[in-house]
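Please walk me through this structure in plain terms. I would like to know how the chains are built and where some of their residues sit.

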Amino acid sequence: MLEYTEVLRLQPGLAEAHNNLANALQRLGRGGGGHRALPRGFEGGPDLAETHNNLGVALAAKGEMAEAVVHYGVALRAKPDYAEAYNNLGNAMVSLGKLDQAVTNFLTAIRYRAQFPKAENSLGCALAMQGRQAEAIPHFTIALNLKPDYGEAHFNLGAALLLQHRNGEAIPHLEQAIRLLPDNPMAMSVLAGIYATAEESALRQPAAALELAKRAVGLTGGADAGALGAPGGRVCRQPAID
Amino acid sequence: MPARSAPLAAAYAANRQSTNAIQTAQRALDAALSSGQTNLLERLRTQLKAYQSGQL
């Protein structure tokens with residue numbers, strides 16, 4: 001890390017050093033120091049789009065969304081068809097509560113990369129967070145067609161179906177989410193809720209509900225409160241940065 | 001659907017374990033109160049009341 005910073009001090013325009021520093025910060029979960037090494041007004045060309053995108057990701061991981069947005073913007077000016085940066089910008093907009101802008105950015109990401117499961121999942125999330133479950137469901141479905149083992153998309157599709165009272169359709173996706181994300185309690189809690197209280201008696205499985213709910217509570221350190229469906233509660237799960 | 005707010009309590013209720021259901025729902029309500037999760041409070045109160053009145 002110190003070596004990259006020193007190289008940047010001596011050669012502020014060296015693209016590889018910016019990129020190495022950004023990657024190092026991201027691996028460490030830090031973004032606050034390195035981005036300040038960027039010279040003011042330095043935007044680079046298409047080759048540096050990835051550097052600014054990586055810096056944006058590192059800043060976003062630290063919760064510095066406004067600064068992340070700046071770097072995504074620089075990346076997109078350098079490379080206007082950079083689908084990954086549009087997706088990241090959309091995620092930053094979600095964090096800032098700007099859901100309409102998030103939707104626009106996710107749609108642009110998909111326009112530039114037609115087969116982009118992460119952006120389809122993100123778009124579904126932004127729509128679901130606006131209460132537009134019926135519009136979100138096809139995007140989660142596309143994400144799963146492109147990447148069948150996408151645990152987050154299975155969870156999000158299951159949750160969206162549940163919020164549309166389509167319990168029977170939600171169950172297999174929640175089961176898949178549990179299989180694919182065994183350390184995550186959300187899908188367990190939601191599926192336990194269905195098994196415990198489904199209006200359709202054929203779907204109720206009290207013993208399985210209790211087993212799942214206990215597993216979920218064990219993973220959350222004792223908490224038994226799922227926010228799914230609560231007013232203002234977040235519905236969606238996004239994968240960790242990948 | 002109150003089970004979305006405290007699924008373990010709902011699971012106890014579904015298994016006719018009323019004491020566990022009430023205690024678990026009360027703990028979830030206390031946790032929501034202390035952590036300021038106001039969006040959950042009404043659901044949890046409704047859920048707890050249902051178990052206390054024997055609606056399992």
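In which helix of chain B is A31(B) found? The model is a predicted one, and in it A31(B) belongs to helix α2 of chain B, which covers residues 18–35. Is A31(B) buried, exposed or partly exposed? A residue needs 20 or more other C-beta atoms within 10 Å to be called buried, and 12 or fewer to be called exposed. A31(B) has 17 C-beta neighbours inside 10 Å, so A31(B) counts as partly exposed. L41(B) is 10 residues away from A31(B) in sequence, and the two C-alpha atoms are 9.8 Å apart in space.

From the N terminus on, the order of elements in chain B is α-α-α. The C-alpha trace of chain B spans about 30 × 20 × 15 Å along its principal axes. For 56 residues, a compact globule would have a radius of gyration near 10 Å, and the 10 Å of chain B therefore agrees with that. Of these 56 residues, 45% count as buried. Taking the contacts in chain B between residues at least 6 apart in sequence, 46% join residues at least 24 apart.

The phi angle of R16(B) is near 60°, which is a positive value in a residue other than glycine. R16(B) has 10 C-beta neighbours inside 10 Å and so counts as exposed.

Chain A is also built from helices: there are 12 of them, with 0 strands. Its pattern along the sequence is α-α-α-α-α-α-α-α-α-α-α-α. Of the 242 residues of chain A, 50% count as buried. Among the contacts in chain A with a separation of 6 or more, 53% are between residues 24 or more positions apart.

One pair of helices in chain A can be followed in detail. Helix α3 (residues 49–61) of chain A and helix α4 (residues 65–78) of chain A have axes that come within 8 Å and cross at roughly 165°. An angle over 145 degrees counts as roughly antiparallel, and α3(A) and α4(A) are therefore roughly antiparallel to each other. Their crossing is left-handed. On the side of α3(A), the contact is made by A49(A), H52(A), N53(A), L55(A), G56(A), L59(A) and A60(A). On the side of α4(A), the residues are M65(A), E67(A), A68(A), H71(A), Y72(A), V74(A), A75(A) and A78(A). Sorted by class, the contact of α3(A) with α4(A) has 10 nonpolar, 4 polar and 1 charged residues.

Further along chain A, two loop residues can be looked at in turn. P148(A) sits in the loop between α8 (133–146) and α9 (151–163) of chain A. There are 12 other C-beta atoms within 10 Å of P148(A), so P148(A) is exposed. P117(A) is 31 residues from P148(A) along the chain, and their C-alpha atoms are separated by 9.8 Å.

The other residue, H165(A), has its place in the loop between α9 and α10 (167–180) of chain A. Its phi is near 65°, a positive value in a residue other than glycine. With 11 C-beta neighbours inside 10 Å, H165(A) counts as exposed.

Definitions and conventions
Residues are numbered from 1 along each chain as its sequence is written. Chains are lettered from A and ligands numbered from 1 in the order in which they are written. This is a predicted model: local features need pLDDT of at least 70, side-chain atom pairs count only at pLDDT 80 or more; totals for chains, interfaces and linings use all residues. Axes are lines fitted to C-alpha atoms, for helices over the stretch in contact, and angles run from 0 to 180 degrees between N-to-C directions. Helices (H or I, at least four residues) and strands (E, at least two) are DSSP runs, numbered from the N terminus. Angles under 35 degrees count as roughly parallel, over 145 as roughly antiparallel, 65 to 115 as roughly perpendicular and the rest as oblique. A crossing is left-handed if the near helix is turned anticlockwise from the far one by less than a right angle, and right-handed if clockwise. Two residues are in contact if their C-beta atoms, placed from the backbone, lie within 7 Å. Ala, Val, Leu, Ile, Met, Phe, Trp, Tyr, Cys and Pro count as nonpolar, Asp, Glu, Lys and Arg as charged, and the others, Gly among them, as polar. The radius of gyration is taken over C-alpha atoms; the globule rule is 2.2 Å times the number of residues to the power 0.38.
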